[in-house]
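Subject: Structure for your files

Hello,

Here is the structure I said I would pass on. My notes on it follow below.

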Amino acid sequence: FYLASVRSVVYLVNKLRQFSPNGATRQWANFQQISMAKVVSIEELIRQVYKGDKFSFRQGNIDNLGQNLGLFARIAKGEHRCSVLKSWLASTGNGRYRAWPGDEEQLFHKHLNEKEFQEMQTSKEIVGKRGAKVYSHWRPRYSISSGILDVKYTFKILSDMGFHDLALSKASGTHFPSYGYMLAFNATTLWETWWRSEDLYSRNHPMFGAIAEWMATSVAGISLHPTSVGGEELIFWPRIPTNRQVIDYASARQGTKRGDAAIAWRFVDTPQSTTSDQEVTTVRMRILVPPATKATLRLPPHAAHVVIYVANQMPDLIAAQQVASRKCHDKRQAEQYGFPYHWDYDRDQELWFKRNIPRAVGTPCDSYLWEVDNAPNDNEFSNLSWSVYDSAPIPYHDTLTQTTLQPGLFDIELPKWHLKPPIPDIPGYSDYRGDMGPYCSDPSQFEWDVEDAVHLM
């Protein structure tokens with residue numbers, strides 16, 4: 001927090017220096033130099049605490065402290081960054097089972113009916129014998145056991161550094177500890193802890209709420225530009241997965257002072273096999289940019305065949321929202337598409353039972369942007385037409401290109417999106433030898449500088 005505070009001062013002083021009258025420029029430049037020296041000294045202090053080329057708080061114990069925040073805040077030195085990333089991946093992406101001895105889970109296992117107990121043993125959700133201590137089995141790759149800050153930066157770093165598929169696996173886990181575990185116990189709000197608390201911790205708490213930001217900004221791909229006010233500038237950056245193991249589509253809306261912005265993307269066809277072990281599919285995307293708003297679309301360079309169309313007229317968005325809302329309501333009412341099971345407690349028998357009945361909670365719904373072609377409309381724009389949008393992407397850095405979007409409605413097609421099979425759990429990320437991305441290849445890149453408002457902390 002000290003580092004974030006001083007970096008914020010440096011950032012603001014730099015802006016004041018840029019926009020001040022000439023006579024005050026030297027004064028702000030001196031103040032910036034002094035403040036930047038403080039930034040460097042605090043960074044060095046943090047590096048002394050988090051020692052070694054693995055940025056470890058305790059030597060020999062690198063499971064859960066500091067590495068992701070050190071990467072996000074760009075404190076880890078360039079020459080060590082790759083080893084820090086590999087070490088952190090080995091921990092957060094580990095596919096091996098671990099045991100959790102929590103007291104609340106002990107009570108749950110003690111009161112499991114025999115059928116569920118045997119099934120959970122067989123599926124390796126629990127380990128132990130009746131009458132003895134029974135542990136919850138969990139795997140970091142499909143779980144998240146960290147706290148309020150770690151949750152935020154774990155998902156951000158994985159998605160930003162090219163490991164979005166791993167982030168999706170961690171977010172979609174259903175066994176303890178995970179968000180799915182909460183849903184399994186009929187949660188409609190987030191808990192304060194990962195374990196079931198009957199009397200101590202809250203079941204309506206923002207503790208792990210950072211995932212909501214990540215779902216909108218990374219999974220769907222819409223965010224406010226960090227230096228804009230009121231949504232005057234937007235970034236559309238969907239981290240489209242390279243396999244369909246977790247999701248096939250995503251969407252999000254973002255309010256601005258000039259109206260709602262929105263994005264929706266989905267895989268639209270069956271993958272076609274290629275000569276390699278990869279498959280090729282098509283990604284379709286819709287983007288809505290409000291009036292008088294700046295916007296950019298970021299995509300990886302391998303999305304080279306992208307075709308962008310812009311609507312010649314603005315359709316009836318309210319009608320499209322109403323159609324989508326009715327479809328979503330009907331889908332939820334059916335109670336067939338939500339979270340697939342839940343636990344119920346029989347007070348008479350004092351036993352927990354698993355009910356394999358889908359609920360409305362967790363029902364996925366499509367974006368209204370896919371309904372704009374079909375929404376009932378009596379005005380002259382009922383037949384929506386499109387034109388090719390002529391704007392060439394420019395390199396943003398080695399992993400991204402950036403295209404400027406004008407206000408309007410866009411239909412975007414990525415016809416040659418390559419899918420890859422997920423890496424196996426063992427050895428998985430414990431000994432990852434795949435592409436580590438530009439964050440490893442060039443130590444001089446991705447250092448924090450005074451123009452960077454994203455990575456203040």
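**The sheet around β16**

Strands β10 and β16 run antiparallel and are joined by five bridges. This is a predicted model, in which local features need pLDDT of at least 70 and side-chain atom pairs count only at pLDDT 80 or more, while totals for chains, interfaces and linings use all residues. Residues are numbered from 1 along each chain as its sequence is written, and side-chain values use heavy atoms, with hydrogens and water left out.

Helices (H or I, at least four residues) and strands (E, at least two) are DSSP runs, numbered from the N terminus. Two strands are taken to pair if DSSP finds at least two bridges between them.

The two strands belong to an open sheet of five strands with mixed pairing, in the order β4-β5-β10-β16-β15. Its edge strands, β4 (222–224) and β15 (394–397), each pair on one side only. From one strand to the next the twist averages 30°; the axes behind that angle are lines fitted to C-alpha atoms (for helices, over the stretch in contact), and angles run from 0 to 180 degrees between N-to-C directions. As background, strands of a sheet pair through backbone hydrogen bonds, either parallel or antiparallel.

On the β15 side, β16 (residues 400–405) pairs with β15 in the antiparallel sense over three bridges. The two form a hairpin with two residues between them. Ile394 stands opposite Gln402 in β16, and Pro395 stands opposite Thr401.

Burial is defined by relative accessible area: buried is under 20%, exposed is over 50%, and partly exposed is in between (1.4 Å probe, protein chains only). Five of the six residues of β16 are buried, so this strand is largely enclosed by the rest of the structure.

Thr296 is in β10 (residues 294–299) and is buried at 11% relative accessibility. Contact here means heavy atoms within 4.5 Å. Leaving aside neighbours within four places in sequence, Thr296 is in contact with Leu234, Ile235 and Phe236, and also with Gln402, Thr403 and Thr404.

**The disulfide**

A disulfide is counted when a pair of cysteine sulfur atoms lies within 2.5 Å. By this rule there is one. The bond joins Cys328 to Cys365, with an S to S distance of 1.9 Å. The link between Cys328 and Cys365 is right-handed, with 75° about the S-S bond. Cys328 lies in helix α11 (residues 317–334) and Cys365 in the loop between β13 (351–355) and β14 (386–388), so the pair ties together parts that are 37 residues apart in sequence.

How accessible is Cys328? Its relative accessibility is 12%, so Cys328 counts as buried. Cys365 has a relative accessible area of 21% and is partly exposed. Cys82 is also partly exposed, at 24%.

Helix α8 (residues 164–171) is mostly covered, with eight of its eight residues buried. Among them are His164, Asp165 and Lys170. The cover over the buried residues of α8 includes the helices α4 (78–92), α7 (148–160), α9 (179–184) and α10 (210–220).

Val307 is in strand β11 (residues 307–311) and is partly exposed, with a relative accessible area of 29%. Not counting residues up to four places away in sequence, Val307 touches Asp411, Ile412 and Glu413. The C-alpha atoms of Val307 and Lys129 are separated by 58 Å, and the two residues are 178 apart along the chain.

**The chain as a whole**

The protein chain has 12 helices and 17 strands. Its radius of gyration is 24 Å, close to the 23 Å that the globule rule gives for 457 residues, so the chain is as compact as a globular protein of that length. The radius is taken over C-alpha atoms, and the globule rule is 2.2 Å times the number of residues to the power 0.38. Along the principal axes, the C-alpha atoms fill a box of roughly 80 × 65 × 50 Å.

Buried residues make up 45% of the 457 residues. Of the contacts between residues at least 6 apart in sequence, 68% join residues at least 24 apart. The accessible surface comes to about 23,300 Å², of which 52% belongs to carbon and sulfur atoms. Accessible areas come from the Shrake-Rupley method with a 1.4 Å probe; for residues, only the protein chains shown count as cover.

Regards
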